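The following note sets out, point by point, some features of the structure shown here. It is meant to be read with the sequence and the 3D view at hand.

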Amino acid sequence: MKKIRSYIKFITVFTTVAALSACNKELNLKPHDQIESDQAINTSADVQSILIGAYNRAGGSDVYGGGFFLEPDLMGSQSAITWQGTFQDLTNMVDQQITINNAFVNSMWYNAYRIINQANYVIANVSKVDAASRDNTEGQAEFLRGMTYFDLARMYGKAWNDGTPTTNLAVPLVLKPTTVIGSDSYPSRSTVAQVYQQAITDLTSAESKMGTSVSFYANSYSASAILARLYLQQGDYAKALVEANKVISGGKYSLVDNYADEFPFPNQSATHVDNTSEDIFAMQVTTQQGTNTFNTYYASADYGGRGDIIVKSSFLNNFTSGDDRLSVYNEDSDGTLRCDKFDNLYGNAHVIRLAEIYLIRAECNSRLGSSSGATPVSDINKIRNRAGLSSLATVTLTQILNERKLELAFEGGFFLHDGKRLQQTIGGEAWNSNKLVFPIPQIEINANKNLVQNPGYTN
Amino acid sequence: MKKNLLTILLLFSCISFVFAQNRVITGKVTDQKDGSPLPGVSVTVKGTNTGTQTDVAGSYSITVPATAKVLVFRYVGFKPAELPIGGKTLSTQLEQDSKQLTEVVVVGYGSQKRQSITGSITSVSAREIQNTPVTTLEQAMQGKAAGVNIQANNGKLGQGIKISVRGTASLTAGTNPLVVVDGVVINSGDLSSTSAATDPLADINFNDVESVDILKDASAAAIYGARAGNGVLLITTKKGKNGDAKVNLNAQWGNSNPARHREFLNTAQWLKIEERAGVGAAKQDYAAGLYDTMADALADYKSYVEGKFTAYSAGSTDWTKTNTNWEKEAFQSAPQAQYDLNISGGNDKTKYYISGQYLDQTGMLKGNNFKRMSGRINLDSKVFTNFDVGMNLTFNHSLNKRVDNDDSFGTPLQIVALSPVTPVIDPRTGLLSGSLPGSASSYPVYFNPLLNVDNAYYHTNVYRTLGNIYANWQIIKHLTFRSEFGVDQTNQNEDSYSGRLVFRNTSQPNGTGENTNTTIVHYTVNNYFTYKNAFGNDHTLDATLGTSYEYNHYMGNDIQGQQFPSDSYKQIIDAAVKSGGYSSQTEYSFVSYFARANYAYKSKYLLSVSGRTDASSRFGANNRYGFFPAGSVGWVLSEEDFLKNSNLVSNLKVKASYGLIGNAEISNYAALGLFYGDAGYNGVPGQRFYQLANPNLKWEKTAQLDIGFEVGFFNNRLTAGFDYYKKNTRDLLLDVNVPQSLGIATQTQNLGKLYNQGFDGSISSDNFVGKFKWSTSFNIAYNKNLVTYLNGQVITKNNINYTREGQPIGEFYMPEYAGVDPANGDALYYLNTKGTDGKLDRTKTNDYNKAQSINAGNPTPPWNGGITNTFSYKGFDLSFTFQGAFGYKVFNSGGQYMSANASNGFDNQTVDQMSYWDKPGDITNVPEPRLFYANGTSTSTRYLSGASYVRLKTASLGYNIPKDVLAKIKLDRARVFVNAYNLFLITKYKGWDPEVNSDYQASNYNLSVDFYSAPQPRTITFGVNIGL
């Protein structure tokens, strides 16, 4: 009996001690695939890799992977395309009947703020970056944040020229990285003017902080180019002109020889291609990272797309014969007319290129009656000559705007954004129709009671 | 062979002890029914541990002390007998006891007699599930356990299946019950690399299962503490019994077909509605000012639509030449075969059960196939009289040839979108329509899923070893110690390749492949004491105390490749571009202490208390430990004097329990603030903000009350059980939606309350006994689920199911469809906005965005039930089970394409769309067809319908070949049978199957959504069962 008692004692002590001593060690299991936040932002390299993460987020399909430009075009290009896609949320954009639960509208919102939060992390921790690269790092974060706020304001707020931007609502301004959820985690919508101003502040600061060397990262000219686009959207032609001139006079970029070369697709084989001499800023797409959303919807299945967008033959009537730019509109193997600019599945997603800057300068000079940098006609002739067209002797604003439409078709969301700026009827709706403004995603309103819905949308 | 086997087995039984002999009693035990010998009957001297078992001839020989007075004979399924010892021989007949009140039920860390249980436990026995012609255990259990709701996502083989015990107790944490096999927690999480889950129990050969005991209330489940909030499934596998080796061979062969078809437009109808859709769209375009004249618009659309007709008719302008029924093309008549062999036996010292299975099921969906090879050895050996060891070990290999997810153009049933004018074989090439070479990028209208059958594959091979070793030591009389170590090791390889011909589905012109390896190792170590004693005649005590440690390690890696030299190359080593890949690891652990005591006074008054303390690596250091106590009481009225001698009431017990159970099924690092290094850009490494820390994260807790009774009449020929319960869950582990302007979408917090309330009951009855036997068992369960607090959160992922305060989980929430405007064919919706008087504005609007969404129905059936009837006469037996679910709705998410009045593309339409609005004054529910104008296709009650159903789930008819015939061919038993599964279905639901939840989006709160989901198969098999 004594022996048995000692056995019991042994077992009891053994199991209890074994289990207890196991506890803390066995319960403190750390992640393998991720790291804890306190290990993530300590060194200069840490902060810079967060900036790379911001570029990574910017390449998402519903933001600068293409959604930011494709979706406004879907809302405004009824005269140029036939939509035959099956994603009903996109069909609703073409039909100008967007619903508050539209998944693409929500995804754009969420992914835009993911870029902004990454940028906010960089900006808040920039003091940790080595002095030599500190400004450039901060400038790039400000560039991404400013550009994103500009595009958010255009999509979720009324047009700049529609009523009073200082009272029209755009999106919440979040300028600090997310570290806890607190009372200030539920921001209200700022006005269109406030958001544009934040974009201008960020881009202007970025312009001064970033360097001028050309790579696939943003540089000072990228900021100038986006500022030129922004000021043009505001109708501030003088400022747009100044920014356009900065880009052109920098001399770092040049138009490619053939229009089609701006959309490289070597050997018709899907592959990553570095930026062309004309690209000022483009999201890099490789087999392993990034998405070219334009390809998804414009390219036929032969080139990895869904082929949801067909170009109307009537749209080609806007071109004159001999225009090289017609070379990117062809019938596919089934006789369907398509835009071939995006046939390379791993082609970079364009954000802004030099031709647009010439067109902005020409338009601004034309409107202001000036010839800053060059005359409008010489800028337009640069574009025309590259397209294999003869030079014009004189040029009107209408001609400039037409050239802009032909040159940049399907690239930058201009069917909607220019339509609003120029106060044109857009697919049967007035330029300032509520239907041409995205709703605030319902899921966001549910999570943040301080948000109000855009007019024209019911919960 | 047999001899060799026994020799090996004998090696396991080592030492035997010899006692002082007094006298020897011999005898034979037979079945009262037919006089056949009963092997394996336990024969013991009353009041002692001295005992033996009968041999294969039913004979026994026992040495008893001189003082022995009475022998007790016990055999599972028979009433025990106690006989006084007279002479040197003592033979008896045992009477079958269909109610098995003496049945032993497996409970957590032990077993208990059914009669003394105060918790709520439902058991499913081997007899009820064996040889069901299905793939997984859950499918075989459907309709057979009260309060256990089992719902398949669709009819693909081995796919995810939802199993909920007494409702759904959580929102965004796991809701699957804990699965314990032979005392060891197994990994029951989905391992599929796609968003469509596979069933982790598909690797288990359910013909090895002796019983499944489902712990439903807190009293039964709290011994599993934090893991038990969703109920516990205790699976016990078969053990050998005393006696000569028994060899059992089963073989069955059969065929599957879809249980239901759905009708789509034929060529003439399709041409008509699409032509009309072009007219409808032209009218809209003209009105929007996109054309100068109406005639221009009409002409433009006519040419566009007719161009498509020609294109989709394989280039033929004779559009009416072909009339393909594509829906039928998705299916095939699917053969299956299953072979089971098991050998079991044993002696006083050692018992063994060895089995093997080969299962080969072809899916009724083309391209779908499931194979399983399984082996098992269960062994017990008494090393010393007070010490036995054993093991349960199974090796399984399954191969699931999967088909695409429901939301892929390549899933078999998306074939219904193809045009009836399109021939299956393209006459221009003599190949399947959509094949290369040719204009395959936009012909047919969508990717042809039939191309996947020969040009793409997705093979999931799972190699799974599940086993445990254990030792039981009887330290002193009444006190035993058990130590067990269990491992569940799963190695899964998913290998897929999609060739050139399916480029339209993959966006890859030169082939794309992916190979994913997943290894999960799950260890469990249990150590516990059990004390069982009776004090005098009145008091019995049964107590358990122990510890448990679990550790789970996931290791995975993946590689993706593109650009293969030809389709003959399929492995990624042959790919020119390695386009992606990862390696990944996660771990979790649980450390637990548990205790339980069951006390009975005079077998009348029952009391049970239990508790468990759990700690898990998943929670923040601040709240790592949780304590989960439970208690229950029972009163066996039939043991009281006033009922003891009743001829009517043979059993009556009332019981009540209350306790706390928990849930910890969240991601492994949900409490930590995390950065992810997966955010590189153009080859430069990058990291991203990923998750916000919540160091206060703690257990989700469910308090459950259960009140019930069990009753038996007429010597238990009629028995019934009934339980009322209420489960209140609080501190929900919720993925709370936070403002996305923070750069994250959700954070796991303890927020929210919900409850499940209802009852489950069962009745079983032996309607006829004697030569013609008829028995019926019936079960029914009602569950009301309600979310009571979410701090105003609205949880939705698919914008169809919404989870909000005051509503059941996943309530359908959408604008209410109001039919069609007779004047212009516009789809209409009710405004349903609340006026100042509180009344709903029932004005109709054609502006979808003006219509207020309404609570449109519950996606979870509150009522579930099943009824099984079993007949036998002479050698024949017949059994069939009806299963049903009632009071819920299904949303056809594919309706926006297939029942869209041709307003959302060229998809073929369901036949009901032909009653479309055509001209002013038409009264119909189907709006005007307007090509790509999405007229009425937005999410609304238009696509919602009632889905209650009853189906003949299983049926089997068998014939036992008479013993005298068998004797001549030297067989012990032989039965031939026909099994059927899903023979017919009664429902008003118009789709393929009301038991549906589209695989790619199925979750706790995305419920009952149909999206090209395959129906359940109807399977008929023929088989034989032979015993040697």
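**Notes on the predicted model**

1. The end C-alpha atoms of residues 348-457 of chain A lie 35 Å apart, and this span is 47% helix and 5% strand. The UniProt record, an unreviewed entry, places the feature "domain: RagB/SusD" at these residues of chain A. Please keep in mind throughout that the model is predicted.

2. Helix H14 of chain A covers residues 397-408. Its twelve residues reach 16 Å from the first C-alpha to the last, close to the 16 Å expected at 1.5 Å a residue. The buried residues of H14(A) are A:Ile400, A:Glu403, A:Arg404, A:Leu406, A:Glu407 and A:Leu408. Their cover includes three helices of chain A, namely H12 (354-368), H13 (376-386) and H15 (414-421). Just after H14(A), A:Phe410 takes a positive phi of about 70 degrees.

3. Chain B contains twelve helices and 56 strands. Its radius of gyration is 32 Å, whereas the globule rule gives 31 Å for 1028 residues; the two values are close, so chain B is as compact as a globular protein of that length. Along the principal axes, the C-alpha trace of chain B spans about 115 × 70 × 65 Å.

4. Two further figures describe the interior of chain B. Of its 1028 residues, 53% count as buried. Among contacts in chain B between residues at least 6 apart in sequence, 68% join residues at least 24 apart.

5. Strand E11 of chain B (residues 148-152) pairs with E12(B) in the antiparallel sense over five bridges. Within this pairing, the bridge partner of B:Ile150 is B:Ile163 in E12(B).

6. Which strands make up the open sheet with mixed pairing in chain B? There are three, in the order E51-E50-E55. The edge strands, E51 (944-946) and E55 (1009-1010) of chain B, each pair on one side only. Strand E50 of chain B (residues 889-892) pairs with E55(B) in the parallel sense over two bridges. Here B:Asn892 stands opposite B:Asp1010 in E55(B).

7. B:Lys246 lies in strand E17 of chain B (residues 243-258). This lysine counts as partly exposed because it has 19 C-beta neighbours inside 10 Å, and a residue needs 20 or more to be buried. Not counting residues up to four places away in sequence, B:Lys246 touches B:Ile343, B:Ser344, B:Gly345 and B:Gly1027. B:Lys246 and B:Val56 are 190 residues apart in sequence, yet their C-alpha atoms are 9.3 Å apart in space.

8. How many residues of each chain take part in the contact between chain A and chain B? The contact involves 77 residues of chain B and 81 residues of chain A. On the side of chain B that touches chain A, the elements giving two or more residues include strand E24 (456-476), strand E27 (539-562), strand E28 (577-601) and helix H11 (895-898) of chain B. E28(B) gives the most, with ten residues. By class, this side of chain B has 38 nonpolar, 34 polar and five charged residues.

9. Strand pairing also crosses between the two chains. Strand E1 of chain A (residues 34-36) and E32(B) pair in the antiparallel sense over three bridges. One of the residues concerned is A:Gln34, whose bridge partner in E32(B) is B:Tyr676.

10. A:Glu26 belongs to helix H1 of chain A (residues 2-27). With 18 C-beta neighbours inside 10 Å, A:Glu26 counts as partly exposed. Leaving aside residues up to four places away in sequence, A:Glu26 touches B:Tyr551, B:Ser589 and B:Val591. Within chain A, the C-alpha atoms of A:Glu26 and A:Pro376, which are 350 residues apart along the chain, are separated by 73 Å.

Definitions and conventions. Residues numbered from 1 in each chain as written. Chains lettered and ligands numbered in written order. Predicted model: local features only at pLDDT ≥ 70, side-chain atom pairs only at ≥ 80, totals over all residues. Contact = placed C-beta atoms within 7 Å. Helix = DSSP H or I, 4+ residues; strand = E, 2+ residues; numbered from the N terminus. Nonpolar A, V, L, I, M, F, W, Y, C, P; charged D, E, K, R; others polar. Pairing = 2+ DSSP bridges. UniProt positions renumbered as here; feature names shortened; annotations may be inferred. Expected span 1.5 Å × (residues − 1). Buried ≥ 20, exposed ≤ 12 C-beta atoms within 10 Å, placed from the backbone. Rg over C-alpha atoms; globule rule 2.2 N^0.38 Å.
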